[in-house]
Amino acid sequence: MEQNKNHQNTALLVMDIQEATVKMLKDSASFISNISKAIQYARNNGMPVIYAVVAFRKGYPEVSPNNKSFSMLKKNPAMVLDTEDAAKVHASVAPQPGDVIVTKKRVSAFTGSDMEVVLRGYGIKHLVLSGISTSGVVLSTIREAADKDYVLTLLSDCCADMDEEVHRVLTTKIFPRQADVITAEDWCSQVLSK
């Protein structure tokens, strides 16, 4: 495993860690603890923390009836951008001043967002990924980021899925083909050079 010892061009992506998604987890306490450690480590080492959230405008003009996944969300008012709860990051890992929030309109953190513009602005070449769900935003983003030639690290215990077997297969068999897969503890124990 090749670890990036220099944080200068690295960003932590915190994807879809929204109130509604965290509520769906069986063990949200350990998940939140792990992701909190990773966020603190990134901040302490001067890495941008970029939150990707999914939300839509009132009336869902971005959602085609042909989109099987998102057309079901039309009945969920919490996903509308002009409501109080829209795109709300879970309170325990809320963005701090200086963090960036990117709103996306599809599963991948890149599709329908300005993620790539933000990453270029920071000069990011290495992405450290976390999020809910492993088979959704994490899978879609890791595939797209690999195609865009980013160096990738996946924090396996900072990702979660409603299906534990799917999470296991993705993190142990699929993702290692495109990313270094490590735990938050292992990532946070790295000694970085400036």
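Which strands does helix 6 lie across, and at what angle does helix 6 run to strand 5? Hello everyone, let's begin there: helix 6 lies across strand 5 and strand 6, and runs at about 155° to strand 5. Contact here means heavy atoms within 4.5 Å, and axes are lines fitted to C-alpha atoms, for helices over the stretch in contact, with angles from 0 to 180 degrees between N-to-C directions. Helices (H or I, at least four residues) and strands (E, at least two) are DSSP runs, numbered from the N terminus.

A word on the model. It is a predicted one, where local features need pLDDT of at least 70 and side-chain atom pairs count only at pLDDT 80 or more, while totals for chains, interfaces and linings use all residues. Residues are numbered from 1 along each chain as its sequence is written, and side-chain values use heavy atoms, leaving out hydrogens and water. The pLDDT, the predictor's confidence in each residue from 0 to 100, averages 87 over the chain, and 87% of the residues score at least 70. Over residues 1-5, though, the pLDDT is below 50.

Six strands form an open sheet in the order 3-2-1-4-5-6, with parallel pairing; two strands pair if DSSP finds at least two bridges between them. Strand 3 and strand 6 (180-182) are the edges, each pairing on one side only. From one strand to the next, the twist averages 25°. Strand 4 and strand 5 are joined by six bridges, and V128 stands opposite T153 in strand 5. Helix 2 (residues 28-44) also packs on the sheet, touching strands 1, 2, 4 and 5.

Let's look at L127, in strand 4. Its relative accessible area is 0%, so L127 is buried; buried means under 20% relative accessible area, exposed over 50%, partly exposed in between (1.4 Å probe, protein chains only). Among the residues L127 touches are A11, F110 and A145.

A145 is also one of the buried residues of helix 5. Those buried residues pack against strands 1, 3, 4 and 5 and helix 6. Just after helix 5, D149 takes a positive phi of about 70°.

Last stop: D99, in the loop between helix 3 (68-71) and strand 3. D99 counts as buried because its relative accessibility is 18%. Its side chain makes a polar contact of 2.5 Å with that of R43; such a contact is a pair of N or O atoms within 3.5 Å, where within protein one must be able to donate a hydrogen and the other to accept it, and residues adjacent in sequence count only if both atoms are side-chain atoms. The D99 side chain also reaches the backbone nitrogen of Q96 at 2.8 Å.

Technical notes. Lists of a residue's contacts leave out its neighbours within four places in sequence.
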